[in-house]
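User: Please go through this structure with me, one question at a time. I would like the cut-offs stated along with the answers.

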Amino acid sequence: MNAMKNRVQLIGNVGNDPEVRTLENGKKLAYLSVATNEKYTNDKGEKIEQTEWHRITAWGKTAEIIEKYVVKGKEVAIDGKLTHRSYDDKNGEKRYITEVVANEILLLSK
């Protein structure tokens, strides 16, 4: 059960070309956004499609795979964990980020 304490699994489409950085130590860091869509019928019988956007961060080998193979529009499956962090922006205001740190990525579309 420990493996399920903080686990996120998403299947969706990449919303932008990934941003990949190589850090001073040579380690890769990738950022991308993934959209997931949910379709349902509301109480009035109307069909609703709801899109949620997820910020994804990946390190190391996972970031290298993203750099080589992932582009905007590609369908991917992400397995990772949910994290929260904060930082001060250039105006000194505190900003908060919720993101998924990817452990694995599976490329689903051709």
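Analyst: Helices (H or I, at least four residues) and strands (E, at least two) are DSSP runs, numbered from the N terminus. Residues are numbered from 1 along each chain as its sequence is written, and side-chain values use heavy atoms, with hydrogens and water left out. This is a predicted model, in which local features need pLDDT of at least 70 and side-chain atom pairs count only at pLDDT 80 or more, while totals for chains, interfaces and linings use all residues.

User: In which strand is the place of T57?

Analyst: The strand concerned covers residues 47-59.

User: Is T57 buried or exposed?

Analyst: Buried means under 20% relative accessible area, exposed over 50%, and partly exposed in between (1.4 Å probe, protein chains only). T57 has 4% relative accessibility, so T57 counts as buried.

User: Which residues is T57 in contact with, leaving aside its neighbours within four places in sequence?

Analyst: Contact means heavy atoms within 4.5 Å. With those neighbours left aside, the contacts of T57 are L29, A30, Y31, E99, V100, V101 and A102.

User: How many salt bridges does a search of the whole structure find?

Analyst: A salt bridge is a side-chain nitrogen of Lys or Arg within 4 Å of a carboxyl oxygen of Asp or Glu. One of them is between the side chains of E19 and R21, at 2.7 Å from N to O. The count for the whole structure is nine.

User: Which parts does the salt bridge of R85 and E99 tie together?

Analyst: The side chains of R85 and E99 meet at 2.8 Å, N to O. R85 lies in residues 75-88 and E99 in residues 94-107, so the pair ties together parts that are 14 residues apart in sequence. These parts are strands β5 and β6.

User: Is E99 buried or exposed?

Analyst: R85, its salt-bridge partner, counts as partly exposed at 33% relative accessibility. E99 has a relative accessible area of 5%, and therefore E99 is buried.

User: How far apart are the closest N and O atoms of E93 and R95?

Analyst: E93 is partly exposed, with a relative accessible area of 43%, and R95 is partly exposed as well, with 37%. E93 forms a salt bridge with R95, and the closest N and O atoms are apart by 3.8 Å.

User: How many bridges join β5 to β6?

Analyst: Two strands pair if DSSP finds at least two bridges between them. β5 and β6 run antiparallel, and A77 stands opposite L106 in β6. The number of bridges joining β5 to β6 is 13.

User: Which residue in the turn of the hairpin of β5 and β6 has a positive phi?

Analyst: The hairpin has five residues between β5 and β6. The phi in question is about 80 degrees, and the residue is G92.

User: In β5, what is the bridge partner of G12?

Analyst: Strand β1 (residues 8-14) is joined to β5 by six bridges, and the two run antiparallel. For G12, the bridge partner in β5 is V76.

User: Which residues are exposed on the other side of α1?

Analyst: In helix α1 (residues 60-69), the buried residues include G60, T62, A63 and I66. They cover an arc of only 155 degrees around the axis (taken from the directions from the helix axis to the C-beta atoms), which puts them on the same side of α1. Their cover includes β3 (28-41), β4 and β6. On the other side of α1, the exposed residues are K61 and K68.
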